[in-house]
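Trainee: I've got a model open on my screen and I'd like to learn how to read its features. Can you walk me through a few?

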Amino acid sequence: MECPKCNSLVSAKARFCDQCGANLVKDVTFLHHKALEQYHRGLIDEALYLWEEALKENPEFTKAHYYKGLALYDRGELQLAVASFKKALKGEKEPFRVYFKLGLAQYGLGDLAASVESYRQALELNQKSAETHYRLGLSYLRNSDLENAQEALEAAVRINPEYTRALYILGMVHSQKGDNLSAIEKFRFVVTISPSYIAARFELGMALFKEGLLKEAADEFEKAVSSKNRFAPGHFMLGEAYRKLGEFSLAIGAYTEVLKLNPKDADTYVRLAECNLQLDLLDAAAKALGQALVLNPNNRDAQYLQAHLKEMNTPHKPGF
Ligand SMILES: [Zn+2]
């Protein structure tokens with residue numbers, strides 16, 4: 001550490017500078033540097049204590065308010081972080097980072113209108129921040145304001161055309177607007193740039209599925225589960241795509257994978273039963289339905305199929 005007055009080396013524990021006699025425990029710059037050192041070592045409580053000490057000496061020490069906000073944010077104390085960032089704004093001459101972090105904390109609290117406002121303020125100061133446009137888009141999306149979300153995300157992508165997270169969320173916006181073809185285009189671009197982006201691969205499959213492009217959808221779900229075998233929604237949707245394609249054996253294989261991961265998923269047992277029925281595998285169907293009904297005796301589809309199965313098993317009953 002350095003003495004802020006004379007720049008000579010001093011120990012972090014020193015109370016006074018040996019060279020110039022400066023009172024280090026009351027020097028806000030010294031306290032701040034000491035706090036930063038603790039903070040970067042992950043010692044958040046110690047760092048917070050030092051910033052508090054600095055603020056006792058100078059309540060308008062902007063840097064201490066800002067970093068205190070960051071430390072509180074890291075600790076999940078978002079309300080307190082917001083208060084610190086607001087205090088930091090009062091004295092900050094270049095407040096872009098402060099508005100940005102304030103927006104993050106407000107978003108974390110679910111105060112979406114406030115986070116939108118903070119990101120907008122940040123963008124007034126720096127239009128070129130793709131990340132701020134992206135975060136603004138997320139806030140709008142969470143607030144179900146799809147038009148503004150799209151506009152903000154497109155701005156992010158104009159600045160950084162291969163910004164995969166922004167492209168992915170843009171795909172989600174198109175998807176929510178029911179524009180599957182635009183969603184497909186975005187998600188496809190994301191997986192082209194980043195083939196291991198499983199969530200984008202899955203959403204690509206979903207958009208294709210909704211568009212009725214079942215074979216293509218199945219291919220994407222297949223790729224998703226082959227790179228992440230324990231991804232139950234991927235296996236389930238693969239089963240759905242195969243079932244709708246009439247590929248019942250393949251669907252059974254996919255549903256079986258879901259049940260390995262989620263053995264208590266009654267709905268998947270029902271799907272398994274449906275596929276077995278289609279293949280005239282009545283014993284397997286009965287077994288799957290039995291399991292669905294053990295897990296959820298009120299499952300309507302299971303009740304309906306079980307009644308149907310009983311009729312199939314007694315074809316010579318009177319009047320049939
Ligand atoms: Zn000194």
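Trainee: Where is aspartate 280 found?

Mentor: Aspartate 280 sits in the loop between helix 15 (266–278) and helix 16 (282–295). Helices here are DSSP runs of H or I, at least four residues long, numbered from the N terminus. Keep in mind that this is a predicted model: local features need pLDDT of at least 70, side-chain atom pairs count only at pLDDT 80 or more, and totals for chains, interfaces and linings use all residues. Residues are numbered from 1 along each chain as its sequence is written.

Trainee: What is the phi of aspartate 280?

Mentor: General idea to begin with: most residues other than glycine have a negative phi. Aspartate 280 has a positive one, near 60 degrees. Serine 144 also isn't a glycine, and its phi is positive at about 60 degrees. That serine lies in the loop between helix 7 (130–142) and helix 8 (146–159).

Trainee: Is aspartate 280 buried or exposed?

Mentor: Count other C-beta atoms, placed from the backbone, within 10 Å of the residue's own: 20 or more is buried, 12 or fewer is exposed, and in between is partly exposed. Aspartate 280 counts as exposed because it has 9 C-beta neighbours inside 10 Å. Serine 144 is exposed too, with 9 other C-beta atoms within 10 Å.

Trainee: Which residues of helix 1 are buried?

Mentor: An α-helix has 3.6 residues a turn, so residues three or four places apart point the same way. In helix 1, the buried ones are Val28, Phe30, Leu31, His32, Lys34, Ala35 and Tyr39. They pack against helix 2 (44–57) and helix 3 (62–74), where contact means C-beta atoms within 7 Å. After helix 1 comes glycine 42, with a positive phi near 85 degrees.

Trainee: How do helix 11 and helix 12 cross?

Mentor: The axes of helix 11 (residues 198–210) and helix 12 (residues 214–227) come within 8 Å and cross at roughly 160 degrees. That makes the two helices roughly antiparallel, the word for angles over 145 degrees. Residues making the contact include Phe202 and Leu208 of helix 11, and Ala217 and Phe221 of helix 12.

Trainee: How far apart are the centres of domain 1 and domain 2?

Mentor: The bounds come from an automatic or database domain assignment, which gives domain 1 (1–92) and domain 2 (263–313). Taken over C-alpha atoms, their centres are 64 Å apart.

Definitions and conventions: Two residues are in contact if their C-beta atoms, placed from the backbone, lie within 7 Å. Axes are lines fitted to C-alpha atoms, for helices over the stretch in contact, and angles run from 0 to 180 degrees between N-to-C directions. Angles under 35 degrees count as roughly parallel, over 145 as roughly antiparallel, 65 to 115 as roughly perpendicular and the rest as oblique.
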